[in-house]
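Let us walk through this structure step by step. Keep the sequence and the 3D view side by side as you read.

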Amino acid sequence: MMAAVRDLRRILGDTFTYGDASAAGVGDKRLYRLRDSGEIIALGGGVYRWADAPPADDDLVEIAERVSRGTLCLETALARHGLIDAIPAAIDIAVPRGSTRPALRAPVRLHQFDRATFGLGRNLLDVGARRPLGIYSAERSIVDVVRLRHREGSDMAWEALRRWLARPGRSPAQLIDLARQLPRAEPALRQALEVLL
């Protein structure tokens, strides 16, 4: 039995879906037996992970698996970049405007961003899923939180901007160049920089 599980794990990888398991010849009974015995963990939405897989944030794995082009943004991205001290109560995920809203078990705040500018400052982050999860750069996250400060809170925007400017090699021109590419972002950013500088 151990060899069969080892072979199955090699075929499916650390993270897999119900469809992957079915395609590998794993029936419902066997899949649920693996789950009930604690060998695999159900992350939600038909996504599974081996219990002894390398450590990963299960919520981020679920999002990477279930949300096409999902991208960490706003407060979540700022926290990951070390620009704010807050620990977000939910994970901020951006998707291109018009995307369907995924049903997730992970606590998320879904944001829809313009398709034309969605890829600006978008990087990839390995979270232990079969595909990486997007994350906006520190610069994009700052510009976004400044332009959306009426919703996200100006205190968070000022804290992130202040910390980013204090890092070596950072200049306001880097942010202004990015802000010019996002609708209505440049005036808000210039105003924020005037307040802080």
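Start with one definition: a residue is called buried when its relative accessible area is under 20%. Now apply the cut-off. Tyr-136 has 0% relative accessibility, so Tyr-136 counts as buried. Keep in mind that this is a predicted model. We will come back to Tyr-136 once its surroundings are clear.

Look at the sheet next. Five strands make up an open sheet, and the pairing is mixed. Read across, the order is S6-S5-S4-S8-S7. Which strands stand at the edges? They are S6, residues 108-113, and S7, residues 122-125. Each has a single partner strand, so one side of each is left without a neighbour in the sheet. Further in, S4 and S5 run antiparallel. S4 covers residues 71-72, S5 covers residues 91-96, and two bridges join them. Across this pairing, Leu-72 stands opposite Ile-93 in S5.

Helices lie across this sheet. Helix H4 spans residues 58-66 and lies across S4, S5, S6 and S8. The angle between H4 and S5 is about 10°. Helix H6, residues 138-147, lies across S6 and S8. H6 runs at about 65° to S8. How much of H6 is buried? The count is 10 of its 10 residues, so H6 is mostly covered.

Now return to Tyr-136. A pair of aromatic rings is described by the distance of the centres and the angle of the planes. The structure holds four aromatic pairs. One of them joins Phe-113 and Tyr-136, with 6.0 Å from centre to centre and 20° between the planes. This pair is stacked. Phe-113 lies in strand S6 and Tyr-136 in strand S8, so the pair ties together parts that are 23 residues apart in sequence. Both of these residues are buried.

Tyr-136 also pairs with Phe-118. Here the ring centres are 5.9 Å apart and the planes stand at 70°, so this pair is edge-to-face. Phe-118 sits in the loop between S6 and S7, while Tyr-136 is in strand S8. That link spans 18 residues of the chain. Is Phe-118 buried or exposed? Its relative accessibility is 0%, so Phe-118 counts as buried.

Arg-140 lies over the face of Tyr-136, 4.2 Å from the ring centre. Arg-147 lies over the face of Phe-113, 5.5 Å from the ring centre.

Move on to S2 and S3. S2 covers residues 40-44 and S3 covers residues 47-50. These strands pair in the antiparallel sense over four bridges. Ile-41 has Arg-49 in S3 as its bridge partner. What do S2 and S3 form? They form a hairpin, with two residues between the strands. Gly-45 is in the turn and has a positive phi of about 65°. Elsewhere, Phe-16, Tyr-48 and Trp-50 form one aromatic cluster.

Finish with Thr-76. Its place is in helix H5, residues 74-80. Thr-76 has 8% relative accessibility, so Thr-76 counts as buried. Leaving out residues up to four places away in sequence, Thr-76 touches Pro-88, Ala-90, Ile-91 and Asp-92.

Methods
Residues numbered from 1 in each chain as written. Predicted model: local features only at pLDDT ≥ 70, side-chain atom pairs only at ≥ 80, totals over all residues. Heavy atoms only, no water. Pairing = 2+ DSSP bridges. Contact = heavy atoms within 4.5 Å. Axes fitted to C-alpha atoms, helices over the stretch in contact; angles between N-to-C directions. Phe/Tyr/Trp six-rings, centres within 6.5 Å; stacked < 30°, edge-to-face > 60°. Buried < 20%, exposed > 50% of the residue type's maximum accessible area, 1.4 Å probe, protein only. Lys NZ or Arg CZ within 6 Å of the ring centre and 35° of its normal.
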